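Please report on this protein–RNA model.

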Amino acid sequence: MSNESTAQTTNFIRNIVIRDLESGKHATVVTRFPPEPNGHLHIGHAKSICLNFGLAQEFGGTTNLRFDDTNPLKESEDYAQAIMADVRWLGFEWNELRHASDYFQQLYDFAVHLVRTGTAYVDSQTAEEIRAARGTLTEPGRESPYRDRPVEENLDLFQRMKAGEFGDGEHVLRARIDMAASNMNMRDPVIYRIRNVPHHRTGDAWHIYPMYDWAHGISDALEGITHSLCTLEFEDHRPLYDWFLEQIPAPCHPQQIEFARGNLNYTVMSKRRLLQLVEEGHVDGWDDPRMPTLAGLRRRGYTPEAIRAFWAEMGISKSDSIIDMGVLENAIRNDLNERAPRTMAVLDPLKVVLDNFPAGETEWVEAAVHPQRPELGVRKVPLTRELWIERSDFMEDPPRKFFRLRPGGEVRLRNAFIIRCEGVVRGADGEIAELRCVFDPDTRSGQPGAARRVKGTIHWVSAMHGVSAEVRLYDRLFRVPNPLAEKDRDFLEFINPDSLGVVSTAVVEPGVAEGAPGECYQFERIGYFVHDVLDSKPGKPVLNRTVTLRDSWARLEPKP
RNA sequence: UGGGGGAUCGUCUAAUGGUAGGACAGCGGACUCUGACUCCGCCAGUGGGGGUUCGAAUCCCUCUCCCCCAGCCA
C-alpha cells in the first residue's frame with residue numbers, strides 16, 4: 001500500500017481538531033514542528049512531522065517549521081540545515097520558517113511584564129542551592145531567600161543580566177509560583193539563565209537565554225498556533241504552559257496536546273544515544289544506513305512515501321509503545337515493490353557452464369522491467385555459455401522441498417530457459433568450482449516450449465558481461481529487541497556485530513553498473529538495493545541493501 | 001510511597017453505552033518464469049475484581065502493572 005489513499009483512520013488528536021473546527025473554536029488549524037537544532041531528525045520525528053503537517057494539510061491549515069533554538073551551547077546552523085533538508089525530503093513544505101530566537105526580544109519584554117506584576121524574580125542562589133531547595137517528589141521545596149526581592153530591584157538585576165554584567169550562573173530569573181506544588185514544574189521554574197556565549201543566529205546580542213517552558217508556549221501564541229502537539233513527557237508541563245500564557249497579554253492561547261513517541265525495536269532513538277553511536281564510531285555517521293535517522297534511512301534506500309505510509313498506518317495514541325521493525329520493513333517493501341525496476345544480481349557466485357551453448361556467443365534475452373507493470377517495458381540481458389548463479393541455489397544433497405538446482409535436476413533460468421545439471425566440478429580444495437549443465441532450447445522464454453514447467457526458477461548473470469559490485473548487506477543495529485531493557489547494562493553491548501556485511505564478490509547485470517546514485521532496484525529473489533549516494537560510481541557500483549524480500553523458504557529451513 | 005499519564009489480538013491501532021474491526025506478524029491454501037507480488041481462509045484481544053444498565057472496551061468503585069517528573073536540557 002504505497003499510495004496514501006487508504007482510508008484515513010482517525011485518532012484522538014484529529015478528533016479534537018474536527019471538533020474544534022465544527023464548534024467554531026477555530027476557523028482553521030495551525031500547527032508547528034518545533035525541533036531543536038542539536039541533532040539529526042530520526043524516524044520518530046517523522047511521526048511528529050507527519051502528524052503536524054498532515055493534520056494541517058487535511059483541514060486546509062498551515063504548519064510552521066520552528067527551531068527551538070534557546071540553548072546556544074548545543075545548537076548549530078549545520079543541524080538546522082540538515083533538519084530542513086530532511087523535512088523537505090519527507091515531502092513537506094512549511095508555511096513559515098521561524099526560530100524561537102526570532103522572539104527573544106518579545107520573550108524578554110513578556111518576562112519584564114512578569115517581573116512588574118510580581119510573578120517573577122531574580123534568584124541569586126547557585127544552581128546547587130536551587131536544586132537543594134526544590135524539594136523532592138514527596139517533600140515540598142523551600143522558598144528562595146531572594147523570592148521577595150522588590151520589583152524595582154528585580155527589574156534592575158534582570159536588565160543587567162541582559163546587558164551582560166554578570167557571569168554565567170550568577171543569577172537566574174524565576175517564575176514566582178508555588179514551591180510546594182505537587183507538580184515539580186510549578187516550583188518556581190527558572191525561565192532565564194545567563195549564558196555568555198554567542199548564538200548561532202543572534203550572535204552576541206544576548207547574554208541571557210529563555211528556557212524551553214517560557215519560550216515554547218509564547219512562541220506558539222505569537223504564531224497563532226491552534227494545536228500545539230508534543231510528546232508525553234511534556235504532559236506535566238502543560239499546567240505551566242497554560243499558567244505562563246495566562247500571566248501575559250498573549251495574542252491567543254494554543255492548546256497543548258500530548259501524544260506518545262514512536263519507538264521501534266532493535267534500535268535506539270534518543271538523540272543522546274544516536275550522537276554517542278556516531279561520536280564513538282560505532283556507526284559511520286548520522287547517515288549510516290543502519291541509523292534510524294532520516295538521513296540514514298534515506299541512504300539505506302527508504303522512500304519518503306514509505307515512511308509516511310508507515311506512520312499513517314501506525315496511528316497516534318497516548319500509550320507507550322514499541323513498534324516492530326518488521327512493520328517499517330513491510331512499508332518499504334510495499335513501496336519498492338511497486339516502483340523498483342527488476343534486475344538480476346548474484347551475490348555469492350558459482351560458475352555454471354552450459355555445455356551445449358556456443359562459446360563466445362551472446363544471446364540477448366528480453367526481460368520485463370517490472371512483471372506487474374508492463375508499461376515500464378523490457379530490458380535486454382546478455383546470456384552466454386558461462387554464467388554465475390547463486391551458490392545457495394545449488395545443493396548436492398538437498399532436503400525435501402528444495403526447488404532449486406541439484407545434480408541431474410532441472411531448474412529454469414529466469415527470463416531464459418530450463419537447464420539440467422549434468423556434473424559437478426571440484427577445485428583442488430574440494431569445494432564445488434563449477435557446474436556443467438545443458439539447456440533446453442525449446443524452453444526459451446516466449447517460445448511455445450516455455451510452457452514446460454519446472455519447480456524452481458533461479459537468477460543468473462552472464463560471466464562475460466556481469467559487472468562486479470560491492471554490496472552492503474545491512475541488518476538491524478542491535479541484536480536484541482530493546483537494547484535499553486536492562487538498566488544495568490550498556491546498550492552498546494547489544495550492538496549487532498553483523499549489522500553490516502560487505503560483499504565484494506557480487507556480480508550485477510551490466511545495466512545496473514550505470515545506475516545513478518540513489519537509484520533503486522529489486523534484485524530478483526534477493527531484495528531491494530540502492531546505489532549508495534556517496535560511494536557508488538559508474539562502472540564501480542556500490543549497492544546498499546534496503547531490505548530483503550520476504551523469504552518463506554528461509555523460514556522453512558532455519559539456518560544452523 | 002507526591003503529582004501527571006497509560007493498559008484492547010504476539011505488535012500497532014479503531015470502536016466515544018448497541019455485532020470488538022483493521023494493519024503487521026503467524027498458520028493453511030491458490031497462483032507464479034522472483035520460494036517475491038497478488039488472492040482466499042484461519043488463529044488471536046478489552047489487565048483483575050465488584051457495581052450501574054435491557055445492554056459496558058466505553059460510566060462508577062477498587063486493585064494490579066507500566067511510563068514520565070526533583071536540568072540554569074528540550
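Helices (H or I, at least four residues) and strands (E, at least two) are DSSP runs, numbered from the N terminus. The model is predicted: local features need pLDDT of at least 70, side-chain atom pairs count only at pLDDT 80 or more, and totals for chains, interfaces and linings use all residues. Residues are numbered from 1 along each chain as its sequence is written, chains are lettered from A and ligands numbered from 1 in the order in which they are written, and side-chain values use heavy atoms, with hydrogens and water left out.

**Cavity**

A cavity is a set of points, on a 1 Å grid over the protein atoms alone, where a 1.4 Å probe fits but cannot get out; lining residues have an atom within 4 Å of a point. Grid points are joined across faces, edges and corners, and a volume is the space filled by probe spheres set on the points. By this rule there is one cavity of 30 Å³ or more. The largest cavity holds about 30 Å³ of space. Its lining consists of Tyr212, Asp213, His216, Gly217, His237, Tyr241 and Gln256. Helix α7 (residues 212–222) gives the most to this lining, with four residues. By class, the lining has two nonpolar, four polar and one charged residues. Here Ala, Val, Leu, Ile, Met, Phe, Trp, Tyr, Cys and Pro count as nonpolar, Asp, Glu, Lys and Arg as charged, and the others, Gly among them, as polar.

A residue is near a strand if one of its heavy atoms lies within 4 Å of it. There are 72 residues around RNA strand B, and Arg195, Ser317, Arg342, Ser445 and Gln522 come nearest. Sugar and phosphate make up 64% of the atoms of RNA strand B that come within 4 Å of the protein. The surface near RNA strand B has 21 nonpolar, 25 polar and 26 charged residues.

The table lists polar contacts, which are pairs of N or O atoms within 3.5 Å.

| Residue (polar side-chain atom) | Atom of RNA strand B | Distance |
|---|---|---|
| Arg193 | phosphate oxygen | 2.8 Å |
| Arg195 | phosphate oxygen | 2.2 Å |
| Gln372 | base nitrogen | 3.4 Å |

Elements that give two or more residues to this surface include α5 (127–133), β6 (190–194), α11 (304–314) and α12 (325–339).

**Backbone**

Where does Asp188 sit? Asp188 is in the loop between β5 (172–175) and β6. Its phi is near 45 degrees, a positive value in a residue other than glycine. Asp188 counts as buried because its relative accessibility is 0%; buried means under 20% relative accessible area, exposed over 50%, partly exposed in between (1.4 Å probe, protein chains only).

Tyr266 is not a glycine either, yet has a positive phi of about 60 degrees. Tyr266 lies in the loop between β10 (263–264) and α9 (271–279). At 18% relative accessibility, Tyr266 counts as buried.

In α9, the buried residues are Arg273, Leu274, Gln276, Leu277 and Val278. Just after α9, Gly281 has a positive phi of about 75 degrees.

**Aromatic rings**

Rings of Phe, Tyr and Trp (its six-membered ring) pair if their centres lie within 6.5 Å; planes under 30 degrees apart count as stacked, over 60 as edge-to-face and the rest as tilted. The whole structure has 16 aromatic pairs. Phe402 and Trp553 form an edge-to-face pair, at 5.9 Å centre to centre with 65 degrees between the planes. Phe402 lies in the loop between β17 (386–390) and β18 (410–413) and Trp553 in helix α14, so the pair ties together parts that are 151 residues apart in sequence. Phe402 is buried, with a relative accessible area of 4%. Elsewhere, ring pairs join Phe104, Tyr108, Phe158, Tyr192, Trp206 and Tyr209 into a cluster.

Conventions
Polar contact = N/O pair within 3.5 Å; in protein donor to acceptor, adjacent residues only side chain to side chain. 1 Å grid on protein atoms, 1.4 Å probe; cavity = no way out; pocket = protein on both sides within 12 Å on 5 of 7 lines; lining within 4 Å.
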